[in-house]
Amino acid sequence: MRISPYATLPQKVGVWTIRLFALLMCLYLAGPIVVFIPLSFSDKALFHYPIQSFSLRWYHQLVTSPEWLRAVLNSLAVATSASVLATILGVAAAFGLWRARFRGKEAVMMVIMTPMIVPAVISGVSMYLALAKVGLGNTHLGLILAHTALAAPLVVITVSATLSKFDTTLLRAAANLGANPLTAFRRVCLPVIASGVFTGAIFAFALSFDDVVVALFIAGPAQRTLPVQMYMQANDLVDLTITAAATVMLVLSLALMVGVEFMKKREVATAR
Amino acid sequence: MAAPASAAVSFGSVSASEPHDRLWRDLKRSQRAAQLRAIGLILPLVVFLILVFIVPIGMLLSRSVSDLAVPRALPATVAALAGWTPAKEIPPQVYPALVEDIGSAPQMLFGDAAARLETGTPGMRALMMKTRSRLQGAAPSDARKALTGISPKWDTMEGWVAIKQASGPLTDHYLLTALDLHRDELGKVTRVVAYERVFLAAIGRTFGIAFTVTALALLLGFPFAFLAATSSDRVSRILLFTVLLPFWTAMLVRALSWSVLLQRTGIINDALLRLGLVREPLDLMYNRFALCIALIHIFLPYMVLPLYSVMKTIPPQHMRAAASLGARPWMAFRRVYLPQVVPGIGAGALLVFIQCLGVFVVPALLGGPNDQGLPYYIAFYVNRVLNWGLAAALSVILLLSVAVLYALYVRLSGKSAMVLG
Amino acid sequence: MVDLCTRGRNRIATIIAAFLLGTTALAGRAAAADLTVSLQGGPLGEAIKTTLVKPFREESKLDVVSDDRDWGIGAVRAKVEGGGNTWDVVNAEDIEVIQGCDEGIFAHLDTAKISSFDKFVIKNEDRPCGLPSVIYNTSLAYNNAKMTTKPTSWADFWDTKTWPGRRSMVKSPQDVLEIALMADGVPRDDVYKVLATPAGVDRAFKKLDELKPNIIWWTNPGQSRQLLASGETVMSATYDNGIYFFNRTQKTDFGTTRKDAITHTDYWAVLAGSKHEAIAYKFLNYASDAKPAAVLSDALAISVPNSEAVALVPAELRPNLSALPSNMAQAVRSDAQFWVNHYDALSKRFDAWAAQ
């Protein structure tokens, strides 16, 4: 908000108040997110500023202590698998929803969207109950299935959004040129909607990688993911490995965010 | 998703004007095949979600009204109590029936039944376990004497009423408990004793916190979104980035950040002590204040982004036109701008409110004992007490609240998904 | 583009396949073991792994593995009911042993097969499914560095005039209600008698009302020690062995009182239907033998039931052991059976009270 050269004093005060407000809000929004980063490089075992000496001991701990290392690997494996499964199921469904016309499509949409609406505690408790019944409680596979269910709607949404901008005549043109539907999809449609697919996959990965609540119920000690391990250690302030883990998670989230923004740009570019 | 529909219409009109029936049939067939293929693509996800998500939710919710533990473990006793009401004498046949059931029930089922009875009548678990261990699988000739010899409680109504009330297969016990109600010996619904009233307060608290957070998020988010929508491109990008940053950061990480800031040995207290503003560190954590400040931080993006996307569509000329027609700024804002933003406010507020109702991690890390909402109690009854029925009943309440608000959101925003922007 | 796509897809398929294979292979390995010992995570589980499971594996030349588990009999039961249970021996808390025994999840044990059982200071009395494994107290802990006069009783815990500042207690009715009654003057041997009456429960909550503004609730024991170290609390009701262990590793100077401490026992339990019962008994014999037990005792500053182990731990640790007869004489045994019977009702009331 620029100050016009003819502004009266109250107007100037008003503009400055707004500027101050914006600054404070930015501080409030972005400030807390980075506070633990310096702590993670601290040499001392207590939550204390200022930091006297720096070291990488907590990062070392993160990749050498069996519990933390297992948590990191679990998170990577579960998030990757869930994201791949959710993307396969989600892209197929989004494509089908885009092509199909039938009664009850609204109902189908509702089924697909439920995992986004149900509070995480309820999702976690019910899937724990059901997975344990079939012997999948406290297993990696169970956790992957649960995260796939939570993440698939995100893929459907992002892919549907790109598909809605896709010109169907291209598919018919491909069919006229003799391509079978699968080839037509792969060679004509997929390249155009690729950005939506990748965005969806990233969303799915991020969801699985960030989830605490559902994993808290479904994972046993051997399946504990990084957020669950962090949650369990959250009140133990002697061990600052948690700050290193939080920093790693933050950097990863930022990378994913940049990835999604990049996809958006790319999408705009291909649309032109 | 309008493209395929319009394409089909044009096909239809072309073929109707053409007399070539065969071509029309072929086209129909190929369209039908394409339709089937499309449905075939949707099916895997739908089936997957039904199996992995919808059915489990149904299983959980059904636990809030199903009551099978006692009839499974004590079928003969339940049958013997069938026609009985607490107004009548205890029927003599229940004694041998209970002895028979105790002799034949598998240990695990018996344990479930005892735990179920305990949820309705404290002391029943101990009574059932004591009775079983004293009987030692024996079948005494005088069952009544044997049972009342083990505990005089079997001579009174209480134990039998407890079994009768838990005879299933359906029950309102858990739903009543979730509303701080219970059935007395005669089956009349009454409130539980004052010191056991937990859940109504918890429900009120859940909604109260959600309301506070939503209101404050609106108060802070509205001017912020307005700035982002009306500033220059560069400023707007910076503002939006600071909103997206917390949006992408894991909720757990954000909660932990706040605990680093607010602890007694945390950064804020440290700074206050150093500046000499306070002599003793302040208690900033484990209270409502900490919880709300963190929740607003966490959910503010859900308020700002819908507001921003609505505000972006309002041409600045509207306000200028109002001003040129003589409206003072406040008037112009209230009569021209605000009505156009209302859908954004509704969408943002509902998004924040719904998320607040279900939040679990943040209160657990930053709240005190009187800041815990329904999700905490659901987790508690699953993990600590293994009372699935009560956890399910609380889930019913939470899920119903969310569903109603979500339906409202769909109506207001016209979106079927909780997406931003 | 197509090339990239297919190659990418193949790679992804390979990752999934490798991952699924990996998990099944892991599960298969566990199933093939001669004995699987299931332990809760945390310091105790870790210590048992290194001081008992590993040496036993090396000595017996058997494939003995450990597996982690969550707290609560529900976690054990879910494992059994889900099918594919691989656990044979579980280290369980007192309440879990009682519930697991009631529900037939744990097998009745024959203590005649445990050679050192006659040297146990705590026998398994009314725990037919449990063999005592470790013993520890909930005690009053304080920071020596921060006080001139030391507190000696739970009444002192309530005395905020002499010792201003806050105290931490576990966020659970168990232990807290007992402590409140002892602070109110109930002799330790009568605590559970009083607590079994409605008037006794009222009395405990009334006593807690007095201290409520000064209480910080902890949910894991590490927190209670950290609060003491940072000076946020002046006293804490927490596990004594954790305090000694913290003193050793963090070079702090915390003290504990032994009078009116509450003694807890953990147990070994064997799962009903375990296919490796004979090896399970071998392991229980090894774990209760004085020498290996003393190694565990020293590693965590925790007590073990075998009285002969006391002589084998470093002299400076000995006076701190909860199972020392002179220490046990001043303490009260936690009545887990009472808590199995009353936890549901009392925890509800405790929650309502704490949320006020």
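# Briefing: chains A, B and C

An automatic or database assignment divides chain C into domain 1 (10-135 + 266-308) and domain 2 (136-263 + 333-354). This is a predicted model, in which local features need pLDDT of at least 70 and side-chain atom pairs count only at pLDDT 80 or more, while totals for chains, interfaces and linings use all residues. Residues are numbered from 1 along each chain as its sequence is written, and chains are lettered from A and ligands numbered from 1 in the order in which they are written.

**The two domains of chain C**

- The centres of domain 1 and domain 2 of chain C, taken over C-alpha atoms, are 30 Å apart.
- Their contact takes 10 residues from domain 1 of chain C and 11 residues from domain 2 of chain C; two residues are in contact if their C-beta atoms, placed from the backbone, lie within 7 Å.
- On the domain 1 side, helix H4 (94-102) and strand E4 (131-143) of chain C are the elements that give two or more residues.
- Helices (H or I, at least four residues) and strands (E, at least two) are DSSP runs, numbered from the N terminus.
- H4(C) provides the largest share of that side, with 4 residues.
- By class, the domain 1 side has 7 nonpolar, 2 polar and 1 charged residues.
- Ala, Val, Leu, Ile, Met, Phe, Trp, Tyr, Cys and Pro count as nonpolar, Asp, Glu, Lys and Arg as charged, and the others, Gly among them, as polar.

**Leu62 of chain C**

- Leu62(C) sits in the loop between helix H2 (42-60) and strand E2 (64-69) of chain C.
- Leu62(C) counts as partly exposed because it has 16 C-beta neighbours inside 10 Å; buried would take 20 or more, and exposed 12 or fewer.
- Leaving out residues up to four places away in sequence, Leu62(C) touches Asp34(C), Leu35(C), Arg57(C) and Ile279(C).
- Leu62(C) and Asp34(C) are 28 residues apart along the chain, and their C-alpha atoms are separated by 6.3 Å.

**Chain B and its contact with chain A**

- In chain B, 75 residues are in contact with 71 residues of chain A.
- Helix H2 (residues 21-62) of chain B gives the most to the chain B side, with 21 residues.
- That side of chain B divides into 60 nonpolar, 12 polar and 3 charged residues.

**Annotated spans of chain B**

- An unreviewed UniProt entry annotates "transmembrane region" in chain B, the spans including 207-226 and 238-256; UniProt positions are given in the numbering used here, feature names are shortened, and annotations may be inferred rather than shown by experiment.
- Residues 207-226 of chain B are 100% helix and 0% strand, with end C-alpha atoms 28 Å apart.
- Residues 238-256 of chain B are 89% helix and 0% strand, with end C-alpha atoms 25 Å apart.
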